[in-house]
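This briefing goes through one protein model by topic. Please keep the sequence and the 3D view at hand while reading.

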Amino acid sequence: MSQFKADYLNVILAQFQHFKERAEMGFQQLSEDDFHWKPNGQSNSIAIIIKHLSGNMHSRWVDFLTTDGVKEYRDRDSEFIDTYVSKAHLMKIWEDGWKLLFHTIENLTEEDLDKTVTLREKPLSVLQAIQTEIAHISYHVGQILYIGKQIKDKDWTILSIPTKDINKEGD
């Protein structure tokens with residue numbers, strides 16, 4: 001067994017956990033109404049992004065090795081309709097999606113990385129499928145945090161290394 005494969009499985013688990021934690025640190029700063037704020041009619045709210053990520057994770061990670069990553073039961077288009085659901089409900093579907101992802105990744109073996117899965121009826125290596133999901137989730141977590149910063153403005157608590165405030169007197 002390759003040390004690379006063992007390391008890879010550990011690294012991706014840590015990366016996914018980092019994305020989840022970072023988004024949740026942002027969620028803690030937001031009110032119920034903030035989850036539904038959109039800068040314009042063509043933009044997604046945080047609620048929509050959560051619904052979309054949850055739908056994606058339920059589709060991708062259920063029977064990951066044996067069925068297409070796009071399940072027939074998923075209604076992707078409905079994920080982009082901001083039906084006003086509570087923050088508590090959004091946090092439940094968020095957590096449920098992550099549980100599926102983590103359960104699947106934690107149960108992958110090094111040998112599974114050499115297998116082929118399907119996504120939209122196209123074959124992908126397990127490694128490619130995981131990388132696709134890392135890119136997808138990081139993209140949307142970035143959107144969530146950017147929206148949060150737009151809402152909270154100066155009251156937003158920086159979740160990474162803060163820059164020096166060049167507008168302060170005396171700096």
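The model is predicted. Its largest nonpolar core has 41 residues, and the largest share of that core comes from helix H4.

**Nonpolar core**

- Phe 16, Trp 98, Leu 101, Ile 130 and Ile 137 have the most contacts inside the 41-residue core.
- Two or more residues each are given to this core by helix H1 (3-27), H2, helix H3 (87-107), strand S1 (116-119) and helix H4 (126-152).
- H4 supplies nine residues, the largest share.
- Apart from neighbours within four places in sequence, Ile 130 is in contact with Tyr 8, Ile 12, Phe 16, Trp 61, Phe 64, Ile 105, Leu 108 and Leu 113.

**Aromatic rings**

- The count of aromatic pairs comes to seven.
- Phe 27 and Phe 35 are both buried.
- A cluster linked by ring pairs takes in Phe 16, Phe 27, Phe 35, Trp 94, Trp 98 and Phe 102.
- Phe 16 and Trp 98 from this cluster are also among the residues with the most contacts inside the core.

**Helix H2**

- H2 covers residues 46-61; at 1.5 Å a residue its 16 residues should span 22 Å, and the end C-alpha atoms are 22 Å apart, which agrees.
- Of the 16 residues of H2, 15 are buried, so the helix is largely enclosed by the rest of the structure.
- Just after H2, Asp 63 has a positive phi of about 50°.

**Ser 59**

- Ser 59 lies in helix H2 and has a relative accessible area of 0%, so it counts as buried.
- Its side chain reaches the backbone oxygen of Gly 69 at 2.6 Å.
- Not counting residues up to four places away in sequence, Ser 59 touches Asp 68, Gly 69, Val 70, Lys 71, Tyr 73 and Arg 74.

**Val 117**

- Val 117 lies in strand S1; its relative accessible area is 5%, so it is buried.
- Val 117 and Leu 65 are 52 residues apart in sequence, and their C-alpha atoms are 5.7 Å apart in space.
- Leaving aside neighbours within four places in sequence, Val 117 is in contact with Phe 64, Leu 65, Lys 122, Pro 123, Leu 124, Ser 125, Val 126 and Ala 129.
- Phe 64 is also in contact with Ile 130.

Methods. Residues numbered from 1 in each chain as written. Predicted model: local features only at pLDDT ≥ 70, side-chain atom pairs only at ≥ 80, totals over all residues. Heavy atoms only, no water. Phe/Tyr/Trp six-rings, centres within 6.5 Å; stacked < 30°, edge-to-face > 60°. Buried < 20%, exposed > 50% of the residue type's maximum accessible area, 1.4 Å probe, protein only. Helix = DSSP H or I, 4+ residues; strand = E, 2+ residues; numbered from the N terminus. Expected span 1.5 Å × (residues − 1). Core = buried A, V, L, I, M, F, W, Y, C linked by side-chain atoms within 4.5 Å. Contact = heavy atoms within 4.5 Å. Polar contact = N/O pair within 3.5 Å; in protein donor to acceptor, adjacent residues only side chain to side chain.
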